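User: I am new to this structure. Please take a close look at one part of it, then show me what lies around that part in the rest of the chain.

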Amino acid sequence: MIVLYNSVSVLEAQPLIAPIVPVISNGPSGICLSYLLSGYTPYLSPDASHPNPLLHSKLREQPHLSLLEQDLEYLCEGLEGRSSNPVAVLFDSLLLPDSDFGLEHASPLAWRYEPERATPHLVLGKGPPGGAWHAMEGSMLTLSLANWMELPGLKLKDWMREKRRNVRNDRATPAEIASYYQHYVSQMSLGQSFASRTTVTSVTRQPGNQEGSPPCWRVTGLQRREGEELGDGSSVSEEVPFSLLAHSVVLATGTHDIPARLGVEGESLPFVCHSFWELENAISRGELDQSSDPVLVVGAGLTAADAVLAAHHLNTPVYHAFRRSVTDPGLIFNQLPKLLYPEYHKVSSRALKPSYLSFPRHRVVAFRPDRKCVLESDSGQRTVVQVSMALVLIGAHPNLSFLPENGRPLGVNPDEPISCRRNPIEVDPFTCGVVSADGPGMYAMGPLVGENFVRFLKGGALAIACDLAKRQREEREGGGDLMMDRWADRKVTRHTETEVCVLDL
Ligand SMILES: *[C@@H]1O[C@H](CO)[C@@H](O)[C@H](O)[C@H]1NC(C)=O
């Protein structure tokens, strides 16, 4: 494990400048980027073919070059797929050709481990690598096909087959996915680039100074450390501040930190919950069964759908309120393939058990302390329902408190909070460089730029790794040290009480 040290003496023993790219958050985005930055390099394998003839012939033009050295914009031209991000479509079609047609065409990529290409980086995360997956709303994971969740170089299916004897279908549980990501980090030996138990508290642009230090990014935060052991075997943990200077920084956090709220009367009452795990807790405490008053689920996204199912499995009656109409193609039930998710279609079909009652085109007007909820239809008709608990599952926002104004100025619409679906961070599609950043070298990927599925966030990792590699090549050719990331700088240490360097223990 990596410990971020705040000892100035250790710091001074280190070289003044070291290249390192901080990556904020260690979920699938950070892990995937770490893989590409650690020297795992994709090439077109000599005898491979790609089902898309145009892409195939473009790849054949310079087969000696890795994908990281190619012109992504050129390769992306004319490709179409389920993501609006062109590099995501490209990488996906190289990793899983034709998967949307249910075909399993072998990937034409051959991965070579070339550690000399590695870009030093540091993935900063609160929990263990990939562990954010545990905290994520259950639905996002179980709803995706297993191969949509996998990272390059380790087949999720093979890994699952090893773990459990008979794989009934392609779906994996959240715990399995979390464990797969953790295993991935150790299997690929990425661990030395991961610093866990860290919370980033600020990312700011630091201007250059007269002594010749170029402008750079400053990333500060806290790392929790186990302190001395007490007599009873327990230990006190302490939070130690750290600070890194770098020319590039990658924002790779998820967007599930802060649940969205309806903003209606009574929403803070204890029976009104805003996350799936509160339902799971109630279930595990045995608070819900078939004699319970119904659970009200508000929302029509994946998480809401999973909550409906979870309650349904317990035979707890469900009221389901959402704004769309039942026939709206945007409604999640109408988007899922029937074959893979029969139970969703069971719930949404007309032949409903009496234990499920939907309120399409309804909104919540108020929650009352006696556990009554007031619903109102589009036409203004009100219905009052008695519930045991209410789950408001209408989306979430990322916690970007480490950025000025919570990152709003970086959004497509700078007046709104950042969110995956409504207001992602605006990036250059071919580099993932943040368009409105305070300086060059800030990147964003994953849900922050609107990619919720692991299947497509890999494209962001490719775009960033490509751009960093390009900048390194330019740096080498230019011979200057401007592009070298400054890691710990003695001059700065004099100005602040705690400066940090990074050690691998
Ligand atoms: C956002 O994250 C910071 C740092 O981890 C934390 O102190 C703060 O409470 C979080 N905000 C919300 C609304 O969760």
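Analyst: Start with Asn406. Asn406 sits in the loop between strand S20 (396-397) and strand S21 (442-444). Keep in mind that this is a predicted model.

Is Asn406 buried, partly exposed or exposed? It has 17 other C-beta atoms within 10 Å, so it is partly exposed.

Now move along to Cys432. Cys432 is also found in the loop between S20 and S21. Its phi is positive as well, near 65°, and Cys432 is not a glycine either. Cys432 has 30 C-beta neighbours inside 10 Å, so it counts as buried.

Gly39 follows helix H2, and its phi is near 110°. H2 itself covers residues 28-37. How many of its residues are buried? Ten of the ten are, so H2 is largely enclosed by the rest of the structure. Among them are Ile31, Cys32, Leu33, Tyr35, Leu36 and Leu37. Pro28, Ser29, Gly30 and Ser34 are buried too.

Next, the ligand. Which residues surround it? They are Thr199, Asp257, Ile258, Asn399 and Ser401. By class, this shell has one nonpolar, three polar and one charged residue.

Take Ser243, in strand S9 (residues 235-246). Ser243 has 21 C-beta neighbours inside 10 Å, so it counts as buried.

With 16 C-beta neighbours inside 10 Å, Val365 is partly exposed. What does it touch, leaving aside neighbours within four places in sequence? Val365 is in contact with Val264, Val374, Leu375, Glu376 and Arg382.

Now two pairs of helices. Helix H5 (residues 86-95) packs with helix H14 (residues 454-478) at about 110°, and their axes are 7 Å apart. Angles of 65 to 115 degrees count as roughly perpendicular, so H5 is roughly perpendicular to H14. On the H5 side the contact involves Val87, Ala88, Leu90, Phe91, Asp92 and Leu95. From H14 come Arg455, Phe456, Lys458, Gly459, Gly460, Leu462 and Ala463. By class, that contact has eight nonpolar, two polar and three charged residues.

The second pair has another geometry. The axes of helix H11 (residues 276-284) and helix H12 (residues 302-313) come within 10 Å and cross at roughly 10°. H11 and H12 are therefore roughly parallel. Phe276, Leu279 and Ile283 of H11 meet Thr303, Asp306, Ala307 and Ala310 of H12. Their contact divides into five nonpolar residues, one polar and one charged. An α-helix has 3.6 residues a turn, so residues three or four places apart point the same way.

Step back to the whole chain. It has 15 helices and 22 strands. Of its 505 residues, 41% are buried. Among contacts with a separation of 6 or more, 69% join residues 24 or more positions apart.

How confident is the prediction? The mean pLDDT of the chain is 82, and 80% of the residues reach 70 or more. Residues 6-18 have pLDDT below 50, yet this stretch has 26 contacts in the model beyond near neighbours in sequence. Residues 137-143 are also below 50, with 25 such contacts. Where pLDDT is low, the predicted coordinates should not be read in detail.

Notes
Residues are numbered from 1 along each chain as its sequence is written. This is a predicted model: local features need pLDDT of at least 70, side-chain atom pairs count only at pLDDT 80 or more; totals for chains, interfaces and linings use all residues. Axes are lines fitted to C-alpha atoms, for helices over the stretch in contact, and angles run from 0 to 180 degrees between N-to-C directions. Helices (H or I, at least four residues) and strands (E, at least two) are DSSP runs, numbered from the N terminus. Angles under 35 degrees count as roughly parallel, over 145 as roughly antiparallel, 65 to 115 as roughly perpendicular and the rest as oblique. Two residues are in contact if their C-beta atoms, placed from the backbone, lie within 7 Å. Ala, Val, Leu, Ile, Met, Phe, Trp, Tyr, Cys and Pro count as nonpolar, Asp, Glu, Lys and Arg as charged, and the others, Gly among them, as polar. pLDDT is the predictor's confidence in each residue, from 0 to 100. A residue is near a molecule or strand if its C-beta atom, placed from the backbone, lies within 6 Å of it. A residue is buried if 20 or more other C-beta atoms lie within 10 Å of its own, exposed if 12 or fewer, and partly exposed in between; C-beta atoms are placed from the backbone.
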